[in-house]
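Please look at the sequence and the structure before reading on.

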Amino acid sequence: MHDALVIALSSPVLVGIYKDGQLVEEIKSEGMSSDVLAEIFDSLLKRYTFSTFIYAKGPGSFMGIKVTYLFLKTLSITKKIPLLACDAFFFNQNSPIKAVGKLYFVKNSSTIEVVPLNSPEIIGYELPKNIDLEKFDSDNLPFYGIDAVG
């Protein structure tokens, strides 16, 4: 059995396949999550049997979060595979994440805040080489951080 981890908060979309906690396959796609997730998982579901799905639940791209959650939640329900999640800071060395304008999400201890920053150092998302499922949460609802601008 394998675990799939998805980070679709910006481009590229990252999907990691893990066996016994070790990364065995990494997929990067420059497309939008709404275009590439079905294509990626169509191939993966033919090659692997999954025991867990994991995703970065935000903050980040509203559309990326929504599409990824709905896609993986649907797979989770139909295939009876648990869906776990964690915040995006786990995958970018706790670097600020762009919100809107000069506002950025930052994580202080266990709280995520939106603060103005002029020129923050942004570190891209990376798939970890090893995962421990205990570090992920069954509270898998998306975290948007701020209301949508309408």
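The model is predicted, and local features need pLDDT of at least 70, side-chain atom pairs count only at pLDDT 80 or more, and totals for chains, interfaces and linings use all residues. Residues are numbered from 1 along each chain as its sequence is written, and side-chain values use heavy atoms, with hydrogens and water left out.

**Aromatic pairs**

- Rings of Phe, Tyr and Trp (its six-membered ring) pair if their centres lie within 6.5 Å; planes under 30 degrees apart count as stacked, over 60 as edge-to-face and the rest as tilted.
- By this rule there are nine aromatic pairs.
- The pair Y48 and F50 is tilted, because the ring centres are 6.0 Å apart and the planes stand at 50°.
- Y48 and F50 are both buried (under 20% relative accessible area, with exposed over 50% and partly exposed in between; 1.4 Å probe, protein chains only).
- One aromatic cluster is formed by F41, Y48, F50, F53 and F71.

**The pair F90 and F136**

- F90 and F136 are paired edge-to-face, with 5.4 Å from centre to centre and 70° between the planes.
- F90 lies in the loop between β5 (83-86) and β6 (97-100) and F136 in the segment after β8 (111-116), so the pair ties together parts that are 46 residues apart in sequence.
- Helices (H or I, at least four residues) and strands (E, at least two) are DSSP runs, numbered from the N terminus.
- F90 is partly exposed, with a relative accessible area of 39%, whereas F136 is buried, with a value of 8%.

**Residue H2**

- Leaving aside residues up to four places away in sequence, H2 touches I17, Y18, K19, V24, Y48, T49, F50, S51 and T52 (contact means heavy atoms within 4.5 Å).
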